[in-house]
Amino acid sequence: MSQTRALLDLDPKVVATARGLAAKAAAPVIDLARAHTTVAVERATLRLAGITGADTTHRAGDVPWVNRVVDTVREHCGLEHGVTLPVFHALREHDLGSLTELAEATAAGQIQFTIPTGRAATSAAKAARVAVAKGLRTVDRNRANRDKLVTKLGDPPRRPWIYLIVATGDIDEDVVQAANAARAGADIIAVIRSTGQSLLDYVPEGATHHGFAGTYATQENFRIMRAALDEVSKEVGRYVRLTNYASGLCMPEIAVLAGLERLDMMLNDSMYGILFRDINPIRTFVDQRFSRQVHARAGIIINTGEDNYLTTADAVDAAHTVTVSQLLNEHFAHEAGLPDELLGLGHAFEINPKVPDSFRLELAHALLARELFPDAPLKWMPPTKHMTGDVFNGYLLDGFFNLAGVLTGQSILLVGMMTEAVVTPFLSDRDLALANVRYVLDAAGSLREDFRPAPDGLIVKRAHQVLGEAVDLLDRIVDDGLLNAIADGTFGLMKRPADKGKGADGVIEKADGYLNPATTLLDEGATK
Amino acid sequence: MTTTETPKTKRYVRPYGDTTGDGMAQMSFTLPIPFGPRADGAAQQLANKMGMDPAMVVHSHPIGEDFTFFVVYGSVQHIVDLDAVKVVEREYPLLPPSDVNSAIKKTLRRKLVVVGACIGTDAHTVGIDAILNIKGFAGEKGLEYYRELRVVNLGAQVSIPELVKAARADKADAVLISQVVTQRDAHILNTQEMSAAFREAMGERCPLLIAGGPRFDPLMAADLGVDRVFGRGTTPGEVASYLVHAISQRKEHHA
């Protein structure tokens with residue numbers, strides 16, 4: 001990655017201006033994120049402290065204990081001081097052995113939560129810190145384990161790493177497909193979530209077998225898939241990575257569960273939920289910051305979602321919005337403690353193939369991302385918008401996508417399917433898609449060495465133009481304020497006012513005495 | 001050489017490879033058996049049973065230990081009778097988003113307002129979100145993506161009075177309700193209650209009422225008192241195209 005030779009001759013001053021503007025645009029939002037908490041952040045904190053399981057007797061179906069507890073605390077004494085003070089105070093007062101016992105007692109209506117003061121507050125804070133630190137040490141242990149396994153088994157032999165999706169709805173079936181995909185050459189397995197999970201304000205429990213166009217993200221499903229991939233990693237002699245989605249209303253909790261179960265990559269975008277799921281902007285920024293702090297601790301590579309802009313807007317006209325979003329994602333990620341090597345910034349091959357020189361324009365955009373973020377493991381996403389059901393043409397387009405990926409040094413390549421927009425991939429579709437990637441990597445994997453776009457040619461000029469447009473847009477966003485820009489429909493054409501959207505009622509302004517041992521331990525990098 | 005028939009007068013046709021009437025077609029499939037001569041024979045048999053005779057297995061390769069992939073070319077014996085071809089016709093055309101937008105602009109000269117909700121105790125917003133959210137469904141963007149549509153998504157567990165109030169306040173042209181839970185026919189009762197409430201509150205000025213959900217039968221519209229019912233697998237594009245069609249019909253009717 002860092003051996004990138006500069007081919008575009010980008011002006012370092014313009015690049016610095018772009019980064020400076022992104023930081024300026026992000027600053028007020030980061031202040032806002034620090035000043036608020038959310039029900040999801042509080043639930044994530046309790047999950048780190050060890051709460052598990054669900055209330056199976058509730059008439060609404062299995063309600064996770066953590067939701068019961070956080071909702072009850074909010075009702076009794078509010079969440080503006082954080083959930084841990086009242087919870088660990090109650091644990092001591094009622095002399096209960098575990099958070100699960102406390103949850104059961106809460107459901108039975110036996111607990112009245114209060115904010116402790118004086119010495120009671122000090123001891124509740126201490127107990128909370130001990131419990132949360134234990135959870136974080138599990139995350140640390142998983143990270144060390146991953147490093148050990150990678151050393152022992154090895155990373156994939158070459159870049160880009162090959163990323164393949166499975167999504168059957170049934171975790172047991174996913175395991176079979178994932179193992180087969182790994183044997184056929186996949187380096188990363190992503191399990192797509194059930195449609196609509198991002199809008200659930202709780203994380204389902206247990207192993208699940210009935211998802212809609214995907215499989216529910218649950219702690220148990222994470223564990224099952226990671227264990228299966230550990231087995232297949234030994235078999236294929238390289239560490240096969242596992243990906244899921246830290247997005248939607250439960251972003252912080254999913255991030256914690258990913259850390260506890262040694263997932264390796266997580267989809268995590270700073271604005272995707274706002275724009276494409278109509279989740280409240282403040283909720284998203286607060287949840288996103290916490291989840292990224294957890295990912296940083298867990299050594300998890302985040303994948304950002306810039307490809308989505310290009311599925312709604314035109315990939316040529318909106319190319320600069322991808323750059324802007326990458327710069328914002330980078331800044332938010334750095335601020336939350338993620339280093340460059342964990343920043344899987346996204347972009348996609350979505351230019352209409354009927355546009356003249358479309359492949360050269362794709363190369364320009366991909367190379368721009370590569371040179372702006374030389375040390376980030378960029379994620380390169382395949383064509384979807386212009387896949388029509390003509391599978392023969394789709395196979396060709398995917399071949400060009402693969403070629404653009406190797407020519408521009410992309411780090412993670414999501415394998416395109418010729419049956420995109422037709423059916424969920426057949427076994428043979430995946431096999432053919434991998435054959436396509438293998439052919440391009442074998443035939444042209446080192447072509448980069450010989451690839452030097454002409455200094456005043458279309459590729460170089462186009463890259464400069466897109467960067468220039470990105471700087472102009474960032475300038476306007478700084479003037480306008482990022483939240484106003486989002487409200488006005490600057491990104492992906494969607495208008496999302498800061499006070500609207502799903503999950504807005506789960507945002508709480510922190511009081512002066514707010515305490516969250518998870519945030520403290522993450523900020524300090526402490527283990528105790 | 002002159003052709004004797006124009007395509008319009010032709011009644012019987014066969015697939016065209018490189019000669020009229022050769023019946024040549026290609027297909028590919030996977031069988032759950034290990035790669036080898038036996039697998040090729042199995043593929044040949046399947047092709048024969050599908051009416052491809054002679055069939056040539058031109059390619060096969062293993063996918064893992066238990067599967068084999070085939071490409072087969074051959075001549076199919078079947079003949080298509082064009083007179084027997086029946087095409088199900090939708091009463092409205094499916095329009096791409098840009099055409100939906102321009103049609104609304106032309107008909108209404110303002111944005112078309114859509115209010116959506118899951119009514120009753122139903123908390124399953126999967127359906128309504130698939131239709132309304134820009135994220136969309138089945139590769140199609142949701143109604144929010146359409147420039148000339150203004151979408152108000154009220155979310156889950158919306159009471160009927162709330163829905164009527166919101167429809168009135170937002171001057172809704174269309175109200176979309178989604179029902180997933182079907183215990184004790186809740187989806188039917190809720191929808192009937194909803195349509196009755198709208199007629200009582202708004203009478204002639206009642207917006208278009210549209211119900212959707214996996215267990216609804218599209219033929220039930222009259223029973224439910226709604227203008228249209230969408231069943232399983234409906235995509236946002238179908239709903240948008242219907243809206244354009246229904247609004248322009250209404251306009252003609254009132255004019």
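Q: Taking contact to mean heavy atoms within 4.5 Å, which residues does A:Asp278 touch, not counting those up to four places away in sequence?
A: In this predicted model, A:Asp278 touches A:Gly273, A:Arg496, A:Gly501 and A:Lys502, together with B:Glu144 from the other chain, once residues up to four places away in sequence are set aside.

Q: Where is A:Asp278 found in chain A, and is A:Asp278 buried or exposed?
A: A:Asp278 is found in the loop between helix 10 and helix 11 (281-298) of chain A. A:Asp278 counts as buried because its relative accessibility is 18%, and buried means under 20%.

Q: Switching to the surface, which residues make the nonpolar patch of about 260 Å²?
A: That nonpolar surface patch is made by A:Val422, A:Val423 and A:Phe426. One of these, A:Val423, is found in the loop between strand 12 (412-414) and helix 16 (427-444) of chain A, and A:Val423 counts as partly exposed because its relative accessibility is 37%.

Q: What about helix 4 of chain A, is it mostly covered or mostly open?
A: Helix 4 (residues 84-93) of chain A is mostly covered, since eight of its 10 residues are buried. The buried residues are A:Thr84, A:Leu85, A:Pro86, A:Val87, A:Phe88, A:His89, A:Ala90 and A:Leu91.

Q: Which helices do those buried residues of helix 4 pack against?
A: The buried residues of helix 4 pack against helix 2 (39-48), helix 3 (65-77), helix 5 (99-107), helix 6 (118-153) and helix 19 (517-524) of chain A. Just after helix 4 of chain A, A:Asp95 takes a positive phi of about 55°.

Q: Which other residues have a positive value of phi, A:Asp9 for one?
A: Phi of A:Asp9 is near 55°, a positive value in a residue other than glycine. A:Asp9 has its place in the segment before helix 1 of chain A, and A:Asp9 is exposed because its relative accessible area is 64%. In chain B, phi of B:Lys171 is near 50°, also in a residue other than glycine. B:Lys171 lies in the loop between helix 4 (160-169) and strand 8 (174-178) of chain B, and B:Lys171 counts as exposed because its relative accessible area is 65%.

Q: Where is the place of A:Pro382, and what is A:Pro382 in contact with, leaving aside neighbours within four places in sequence?
A: A:Pro382 has its place in the loop between strand 11 (379-381) and helix 15 (391-407) of chain A. A:Pro382 counts as buried because its relative accessibility is 6%. Leaving aside neighbours within four places in sequence, A:Pro382 is in contact with A:Phe349, A:Glu350, A:Asp398, A:Phe401, A:Leu414, A:Val415 and A:Gly416.

Q: Last one: what is omega near for the cis peptide bond from A:Arg159 to A:Pro160, and what is omega for the one that joins B:Asp53 and B:Pro54?
A: For the cis bond from A:Arg159 to A:Pro160, omega is near -5°, and A:Pro160 has its place in the loop between helix 6 and strand 4 (161-166) of chain A. For the cis bond that joins B:Asp53 and B:Pro54, omega is about 5°, and B:Pro54 lies in strand 3 (residues 52-63) of chain B.

Note on methods: Residues are numbered from 1 along each chain as its sequence is written. Chains are lettered from A and ligands numbered from 1 in the order in which they are written. This is a predicted model: local features need pLDDT of at least 70, side-chain atom pairs count only at pLDDT 80 or more; totals for chains, interfaces and linings use all residues. Side-chain values use heavy atoms; hydrogens and water are left out. Patches are made of residues with over 30% relative accessible area and no salt bridge: like charges are joined within 9 Å, nonpolar side chains (Val, Leu, Ile, Met, Phe, Trp, Tyr) within 5 Å. Accessible areas come from the Shrake-Rupley method with a 1.4 Å probe; for residues, only the protein chains shown count as cover. A salt bridge is a side-chain nitrogen of Lys or Arg within 4 Å of a carboxyl oxygen of Asp or Glu. Helices (H or I, at least four residues) and strands (E, at least two) are DSSP runs, numbered from the N terminus. Buried means under 20% relative accessible area, exposed over 50%, partly exposed in between (1.4 Å probe, protein chains only). Contact means heavy atoms within 4.5 Å.
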